[in-house]
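Subject: Structure handover and notes

Dear colleague,

I am passing on the structure we spoke about, and my notes on it follow below. Please read them with the sequence and the coordinates open beside you.

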Amino acid sequence: MGKYVVKETKTGIKFDLKAGNGEIIANSEVYKSKASCLNGIASVKTNAPIAPVEDQTVEEFEACKNPKFEVYTDKAGEFRFRLKAKNGQIIATGEGYKAKKSCLNGIESIRKNADSPIVYEE
């Protein structure tokens, strides 16, 4: 089972969602308060299991309503995803992947681990 790790940064507080093997599968923006960060986690828990995948790497992709996972390619040509909440805000992002299949597997891992407990770290 995965876990959310909440930690302070120089500019605020953020969370990482880690898989059962300890690998970070998603991370958040930096929030100004712990309450906002916990709301972000709650949003991931609510939205990740139901969010469809919008594959922006194909021509004439079909746009999905929020919440959704957006799959796209970055400037380095790697596949990435971001999870958007119902209001369109980005609530979690993933690392760059060489293969689209690996990126899609990352999304499935988030869905599987979204309901994980919260762990606090400094």
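Is Glu-70 buried or exposed? Glu-70 is buried, with a relative accessible area of 4%, and please keep in mind throughout that the model is a predicted one.

Salt bridges

The side chain of Glu-70 meets that of Lys-68 in a salt bridge, at 3.5 Å from N to O, and Lys-68 also counts as buried, at 9% relative accessibility. In total, the structure holds 10 salt bridges.

Another of these pairs joins Asp-55 to Lys-100, with the closest N and O atoms 2.7 Å apart. Because Asp-55 lies in strand S4 (residues 53–55) and Lys-100 in helix H2 (residues 100–113), this pair ties together parts that are 45 residues apart in sequence. Lys-100 is partly exposed, with a relative accessible area of 23%.

Lys-98 and Glu-78 also meet through their side chains in a salt bridge, at 3.2 Å from N to O. Lys-98 sits in the loop between strand S7 (90–93) and H2, and Glu-78 in the loop between strand S5 (68–73) and strand S6 (79–84), so the pair ties together parts that are 20 residues apart in sequence. Here Lys-98 counts as exposed, at 72% relative accessibility, whereas Glu-78 is buried, at 18%.

Strand S2 (residues 13–18) is mostly covered, with six of its six residues buried. Ile-13, Phe-15 and Leu-17 point one way from the strand, while Lys-14, Asp-16 and Lys-18 point the other way.

Strand S1 (residues 3–8) runs antiparallel to S2 and is joined to it by six bridges, with Lys-3 standing opposite Lys-18 and a hairpin of four residues connecting the two strands. S2 also pairs with strand S3 (residues 24–27), again in the antiparallel sense, over three bridges, and the bridge partner of Asp-16 in S3 is Asn-27. Five residues lie between S2 and S3 in their hairpin, and Gly-22 in that turn has a positive phi of about 90°.

Cysteines

A search of the whole structure finds zero disulfides. For Cys-64, the closest cysteine sulfur is that of Cys-103, and because the two sulfurs are 14 Å apart, they are too far for a bond. Cys-64 is partly exposed, with a relative accessible area of 22%, whereas Cys-37 is buried, at 0%.

With best wishes

Conventions
Residues numbered from 1 in each chain as written. Predicted model: local features only at pLDDT ≥ 70, side-chain atom pairs only at ≥ 80, totals over all residues. Heavy atoms only, no water. Buried < 20%, exposed > 50% of the residue type's maximum accessible area, 1.4 Å probe, protein only. Pairing = 2+ DSSP bridges. Disulfide = S-S within 2.5 Å. Salt bridge = Lys/Arg side-chain N within 4 Å of Asp/Glu carboxyl O.
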